Amino acid sequence: MAEPDYQAKSMPSDDFTTMLASQGVDFLLSVGGEVPLTSLDLEKTVCLFFSANWCRPCKTFIPELVQLYNTLKSRGEGLEIVFISFDHDEDGFNEHFKSMPWLTVPFNANLQNKLRERFNVVRIPSLIPLNSDGQSMEEDLIGLVEDYGEDAFPFTRKRRAELKASDDSKRQGGKVEQLLAHQGRNYVVSRDSGKILVSELVGKTIGLYFGAHWCPPCRAFTAQLVEAYKQLLNSRGGCFEVILVSTDRDQKEFDLNISGMPWLALPFEDRTRHDLCRIFNIKAIPALVLIGPDGKTISTNGKTILSLYGAKAFPFTQSSIAEIETTLKKEGDALPHQIQDTRHEHVLKLDMARAYVCDYCKRPGRFWAFSCDVCDYDLHPTCVEEAC
């Protein structure tokens, strides 16, 4: 979950209206016209939204806030938002306010500076709750809203603690259905748009693959993951499944991405994609989170495990990795540290390589190789034996 990097200053709701009145503000504005300042319902949760038309992050955030506002209003929740403009002129203010369904303080450059100082606003967008009950959080709510949407309401410290506890439960609780499904959806999708019930995944080892088609490192890792996936499918049956958690920019990119993958995916339009990024603290892609048959997290560093060991690492537990490393060490100890192959002019030294192509048989190799320090030349240990 995103944490604020500065502490906002809140104030009681009635102090806010008193401050506006002292500056000669008698009314607020809505899309329908003037609204008397005295009609602002201070029994509701009132938040101040500091934003500007010239600010790109503000424009990116506004559709999300509009969706939250409209959803909560339709449910009859007690929320009101008041826009405080940081625009340079009234034309910018008017253009920006067109996209907002809530209230605004009339454009006044001097008043906006006073409000910025009073609420310690050091960046925009900022969403700051007025504290009328002693329970509201005294900090910028942007990160909370980005993380949880309307579920963050009523923006109290208690609600944030509940949401964090829910994330912890999903991450540690051992229930795949809690991670991948919700009340409105109990399935994942395949590349041909088929629907597979999440309940059918219970008892399998699952890789949550966070990636996007626009990301070159993701495309490179996808090839490695496809290789391991197919090997496990052939050798272990259906004990391992991968679920794409897409970070593509739109549905078209998502469709292109999943079309080259043999596994399943969360629907692109589903917010669970965003939730899983938060729950597992995904900061970069590609990333692979490995979930065991018991539904508990094995590793959040599955990308490194698969890159190093491929399908050989299954079931990806610490004991299986330790067993691989022990076996590899024994194999390495049994090989000479260097050899002179009759088909190559330089001495070849024993090396550990994640993946390579043997220059003799032209087949891919992994782990031990005899490599040349002078030129790009690698041999399988078995090919060296055949050449000697």
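Modeller: One thing to keep in mind is that this is a predicted model. Shall we begin with the strands?

Biologist: Which strand pairs with S12 over five bridges?

Modeller: That is strand S9 (residues 205-211), again in the antiparallel sense. Within this pairing, Ala287 of S12 is the bridge partner of Phe210.

Biologist: Why is S12 called mostly covered?

Modeller: A residue counts as buried under 20% relative accessible area. In S12 (residues 287-291), five of five residues are buried, so the strand is mostly covered. Ala287, Val289 and Ile291 point one way, Leu288 and Leu290 point the other way, and all are buried.

Biologist: How do you know that S16 is largely enclosed?

Modeller: Strand S16 (residues 364-372) has nine residues and seven of them are buried, so the rest of the structure largely encloses this strand. S16 also pairs with strand S17 (residues 378-379), antiparallel and over two bridges. Leu379 in S17 is the bridge partner of Phe370, and a hairpin of five residues joins S16 to S17.

Biologist: On to the helices. How do you know that the span of H2 agrees with its number of residues?

Modeller: Helix H2 (residues 56-74) has 19 residues, which at 1.5 Å a residue should span 27 Å; the end C-alpha atoms lie 28 Å apart, so the two agree.

Biologist: Where in H2 is there a kink?

Modeller: The kink, of about 30°, lies at Ile62, shortly before the proline Pro63. After H2 comes Gly76, with a positive phi near 80°.

Biologist: What do the buried residues of H2 pack against?

Modeller: They pack against strand S3 (45-51), strand S4 (79-85), helix H3 (90-97), strand S6 (126-129) and helix H5 (142-148). Among these buried residues are Cys58, Phe61, Ile62, Leu65 and Tyr69.

Biologist: Which helix gives the largest share of the lining of the largest cavity?

Modeller: Helix H4 does, with three residues. S4 and H4 (109-118) each supply at least two residues of that lining. The lining includes Ile84, Ser85, Phe107, Leu111 and Leu115.

Biologist: And how much space lies in the largest pocket?

Modeller: About 620 Å³. Of the 26 residues that line the largest pocket, Asp147, Tyr148, Asp151, Arg271 and Asp275 are the closest to its centre. The largest share of the lining comes from H6, with six residues. H2, H5, helix H6 (157-172), helix H7 (176-180) and helix H10 (272-279) each supply at least two.

Key
Residues numbered from 1 in each chain as written. Predicted model: local features only at pLDDT ≥ 70, side-chain atom pairs only at ≥ 80, totals over all residues. Heavy atoms only, no water. Buried < 20%, exposed > 50% of the residue type's maximum accessible area, 1.4 Å probe, protein only. Helix = DSSP H or I, 4+ residues; strand = E, 2+ residues; numbered from the N terminus. Pairing = 2+ DSSP bridges. Expected span 1.5 Å × (residues − 1). Bend = angle between axes of the 7 residues up to and from the residue. Contact = heavy atoms within 4.5 Å. 1 Å grid on protein atoms, 1.4 Å probe; cavity = no way out; pocket = protein on both sides within 12 Å on 5 of 7 lines; lining within 4 Å. Points joined across faces, edges and corners; volume = space filled by probe spheres on them.
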